[in-house]
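Please consider the protein shown here. A short exchange on its overall form and on one of its parts is requested.

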Amino acid sequence: MNPYDYVKKDPYKLYINGEFIVPESGETFDIINPVTNEPFAKAYKAGVKEVEMAIDAARKAFDEGPWGKMSVKERSKLLLKAAQVLDRRKEEFACIETLECGKLYGGCRYFEAEMSVDAFEYFAGKARCLEGKTVPIDDNTVNIVQWYPHGVVGEILPWNGPFMMGCQKISAILAAGNAAIVKPSSWASLSMLLLAEVFEEAGFPKGVINVVTGSGAVIGDALVKSPKVDMVAMTGGTDTGKHIIEASKDTVKEIALELGGKSPNIMFDDVDVDDAVKWARWGFTQNSGQVCVSGTRLIVQRGIYEELIEKLKEECVKQVPGDGFDPKVTLNTLIHKDHAKNVWDYIQKGKDEGARLVCGGEPYTDPELAKGNFVPITLFADVTPDMTIFQEEIFGPVLCITPFDTEEEAIAIANATEYGLAGGVFTKDMKRGLRVAQKIQSGQIYVNSYFSKAMVESAGTGWKQSGLGVAGIQKYMISKTIFIDTEDGSVPMM
Ligand code: NAD
């Protein structure tokens, strides 16, 4: 089937209180295929009024029911139903995600779509297994710790993995018993607008999930500032996270932030260089480097430094840029021309600040590629911690390579940024591998491979400026500790 056959001719509508609606302004925005920069669909743009409608609908669903009063068994069954509906529509979601984000279709269809269905199934089970605890205090106090949903959660999503990330987060929000307002990025809104149809078909009560699309500064901000929203979770850039911390201060609401990264990938000289090169390349070029946990700082022991750079260059120049639907293509476009411009600015800074350009660094001359936002894989060697490209997240296929001599030096270089999202370590010495993994100041580390399986069982937490809040379903829950006095006079009243 032609992927464009899945695209709706009319603008995609907002989903509020169980209905697909047109906002009062009637305003739309273009959905653009980043491979050609041609618009291929439109979506309606919510204003503050629609955000308020969505908040009221979620409030009602949570406070008055039926959702807020539903048993976990019933909630779990609805999540399983959603998994079945999504499973049937995997091909459509994969095509839409490929068209809108410019990603490789194979990854969307056989990885992201499968993991999205898996998230609903996993959290349907998790909803049935939520437990509190009793804490031994003394012989005349019973203490129970329970977990509750926050209530109404605003979930603000980035553009780099809206489908899989959206499914993982929304299924956790719902399994915990919350109602949600979902705000995708305006560069990648369609998967969440389509997901509303899945919830509708699965039979979720009105108002439990609402999807509003449009400007982050307007409608994201309205969600963050609303006293009727109990929690806001945002995945996106660190600057946006800081803005949200500031904007939420008057309501002191719960905030969870999954932010940017500049993750180190350390390679000791006992590795099989050919194998390490494959992982190094994959670690920073998946989705053209638009992955938060990408290993964008390669820290290489001096004994293999030049050999590894040479082999990595050979591996990088072999990659094939193009349309993600073409099975020969291994390097996709960046999401948007504005984002590509940022990446080019960083490439220029790398050159200006004296890093050694190994390959890439110049635009493609092929006119087909020039229509899109393609950036060639760019390797910079001899990058030092004082350089901008070492410190700042680029979010494109750009790698900074830095040499080291000792284990202590490698750890110091790895920890020399304000980020703490992920990291990798490659060595045949497993004692050293674990030792170094424990010393990297990040919430997710890979040993002798790069990237996790994006599973939901063990989510990473952002350390330092890469995030705020715990990972997993607990992120969307709040605890309560209850003390029951079993004997008169057991609590001192002085
Ligand atoms: P972004 O910060 O530009 O936008 C994220 C979301 O916030 C979007 O929906 C946007 O509309 C919204 N937003 C913007 N301004 C807002 C405001 N004032 N108030 C409320 N919401 C606002 O991020 P992006 O460019 O969409 O995504 C890329 C970034 O996301 C990268 O930094 C990447 O590392 C990060 N990311 C992190 C993780 C993680 O798990 N830590 C995962 C994926 C992406």
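Me: On what basis are the values given, and from which number does residue numbering start?
Reply: The model is predicted, so local features need pLDDT of at least 70 and side-chain atom pairs pLDDT 80 or more, whereas totals for chains, interfaces and linings use all residues. Side-chain values use heavy atoms, without hydrogens and water, and residues along each chain are numbered from 1.

Me: What percentage of the residues in the protein is buried?
Reply: A residue is buried under 20% relative accessible area (1.4 Å probe, protein chains only). Of the 494 residues, the buried share is 56%.

Me: Is strand β5 buried or in the open?
Reply: Strands are DSSP runs of E with at least two residues, numbered from the N terminus. Strand β5 covers residues 133–138, and of its 6 residues the number buried is 0, so it lies largely in the open.

Me: Which residue of β6 stands opposite Thr 134?
Reply: Two strands pair if DSSP finds at least two bridges between them. β5 and strand β6 (residues 141–149) pair in the antiparallel sense over 5 bridges, and a hairpin of 2 residues joins them. Opposite Thr 134 stands Ile 144.

Methods: Buried < 20%, exposed > 50% of the residue type's maximum accessible area, 1.4 Å probe, protein only. Helix = DSSP H or I, 4+ residues; strand = E, 2+ residues; numbered from the N terminus.
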